[in-house]
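Visitor: I have never read a structure like this before. Could you walk me through a few features?

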Amino acid sequence: MAREQFQTLTEPMYYILLALTEECCGVDIMEKVRQISGGNLIS
């Protein structure tokens, strides 16, 4: 059941994975996603 839920990589998931190429905490992840996405996902 859980595997079926994650068959598709969503845009937010993609940006979070990109942000996790370096060790960081939640706030850092949010800031990196904001930078990478050009502010489209997190306002």
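This is a predicted model: local features need pLDDT of at least 70, side-chain atom pairs count only at pLDDT 80 or more; totals for chains, interfaces and linings use all residues.

Visitor: How many salt bridges does a search of the whole structure find?

Guide: Side chains of opposite charge can pair when their charged atoms come close. Here the search finds two salt bridges (a side-chain nitrogen of Lys or Arg within 4 Å of a carboxyl oxygen of Asp or Glu). In one, lysine 32 pairs with glutamate 22, with the closest N and O atoms 3.3 Å apart. That pair links distant parts of the chain, as lysine 32 sits in helix α3 and glutamate 22 in the loop between α2 and α3. Arginine 34 and glutamate 31 also meet in a salt bridge, at 2.7 Å from N to O. These two are separated by about one helical turn because they are three residues apart in helix α3 (helices are DSSP runs of H or I, at least four residues, numbered from the N terminus).

Visitor: Is serine 37 buried or exposed?

Guide: Buried means under 20% relative accessible area, exposed over 50%, partly exposed in between (1.4 Å probe, protein chains only). Serine 37 has 7% relative accessibility, so it counts as buried. Its side chain reaches the backbone oxygen of valine 33 at 2.8 Å.

Visitor: And where is isoleucine 16 found?

Guide: Isoleucine 16 is in helix α2, and is partly exposed at 37%.

Methods
Residues are numbered from 1 along each chain as its sequence is written. Side-chain values use heavy atoms; hydrogens and water are left out. A polar contact is a pair of N or O atoms within 3.5 Å; within protein, one must be able to donate a hydrogen and the other to accept it, and residues adjacent in sequence count only if both atoms are side-chain atoms.
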